[in-house]
Amino acid sequence: MRVKESETVRSFLAIEIEKDLIPKISKVQDSFKETEANIKYVSKENMHFTLKFFGDINEDKLEEIELAIKKVLKNHSSFDLTIEGCGNFPKPDIIKIIWIGIAKNEAMINLQKDLDKEFKKIGFRKEKKFISHLTIGRPRNQKNKNELKNIIKENKNVKIGSMKVSKIHLKKSTLTPKGPIYEDIKVFDLN
């Protein structure tokens, strides 16, 4: 997919979730659906780990991003990722995002740091604190907060499974009333 010179695209860099892990993630989502909480859930096809959110960019910036990614990936190999745990942002008592996390993973931390360093060189702000997570839902308000906190606690140590990360995806995000639509702009292979 290419971007027309005159337009900008909302974009981000992501690791997609292996399809066979989605049912286990959906099961965690379902535990929240049993509450009366007003939550906007992330659809199965949109589940991913974000490495970097770029916002609205044009064709020139897209080319710079692609070159930066290619440069960084020369020094990184594919790696295994263990998906586990459940939590929320921004604070234990304020639930704006419900997420599933990963076990500590040096390969992913180093990949993100190296990418962030290159992206800073081309004008993007460096991440203050990178916490790799898979957003599964966003409460629209704090209704039934205590019930949500209990379910987060119950799923705190949930084990989803492991997957091999051999590709990263530069994505376009189109916002619609029904939710975002994600499309690959370019897919990059890890060695």
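This is a short walk through the fold of one protein chain, from the whole down to two residues.

Good morning. A word of caution to begin with: this is a predicted model. Keep that in mind as we go.

Start with the whole chain. The protein chain has 4 helices and 9 strands. Read from the N terminus, the order of elements is β-α-β-β-α-β-β-α-β-α-β-β-β. How does the radius of gyration compare with the globule rule? The radius is 17 Å, close to the 16 Å that the rule gives for 191 residues, so the chain is as compact as a globular protein of that length. In C-alpha terms, the trace spans about 45 × 35 × 30 Å along its principal axes.

Now burial and surface. Of the 191 residues, 45% are buried. The accessible surface comes to about 10800 Å². Carbon and sulfur atoms account for 48% of that surface.

Contacts next. Take the contacts between residues at least 6 apart in sequence. Of these, 78% join residues at least 24 apart.

On to the sheet. There is an open sheet of 5 strands, with antiparallel pairing. What is the strand order? It goes β2-β6-β5-β4-β7. The edges are β2, residues 39-41, and β7, residues 159-165. Each edge strand has a single partner, so one side of each is left without a neighbour in the sheet. On average, neighbouring strands here are turned by 30° against each other, direction ignored.

Look inside that sheet. Strand β4 covers residues 79-91, and strand β5 covers residues 94-102. The two pair in the antiparallel sense over 8 bridges.

Is Ser31 buried or exposed? It is buried: the relative accessible area is 18%, and the cut-off for buried is under 20%. A polar atom of the Ser31 side chain lies 2.5 Å from the backbone oxygen of Val28. Leaving out residues up to four places away in sequence, Ser31 touches Ile151 and Asn155.

Strand β1, residues 9-16, is joined to β3 by 8 bridges, and the two run antiparallel. Val9 has Ile57 as its bridge partner in β3. Strand β3 takes in residues 48-57 and is mostly covered, with 7 of its 10 residues buried.

Where does Phe124 sit? It is in the loop between α3, residues 106-121, and β6, residues 134-139. Phe124 is buried, at a relative accessible area of 13%. What does it touch? Not counting residues up to four places away in sequence, the list is Lys52, Phe54, Ile57, Lys61, Ile65 and Phe119. One distance to finish on: Phe124 and Arg138 are 14 residues apart along the chain, and their C-alpha atoms are separated by 26 Å.

That's the tour. Over to you.

Note on methods:
Residues numbered from 1 in each chain as written. Predicted model: local features only at pLDDT ≥ 70, side-chain atom pairs only at ≥ 80, totals over all residues. Heavy atoms only, no water. Buried < 20%, exposed > 50% of the residue type's maximum accessible area, 1.4 Å probe, protein only. Polar contact = N/O pair within 3.5 Å; in protein donor to acceptor, adjacent residues only side chain to side chain. Contact = heavy atoms within 4.5 Å. Pairing = 2+ DSSP bridges. Axes fitted to C-alpha atoms, helices over the stretch in contact; angles between N-to-C directions. Rg over C-alpha atoms; globule rule 2.2 N^0.38 Å. Areas by Shrake-Rupley, 256 points an atom, 1.4 Å probe, with all protein chains shown as cover.
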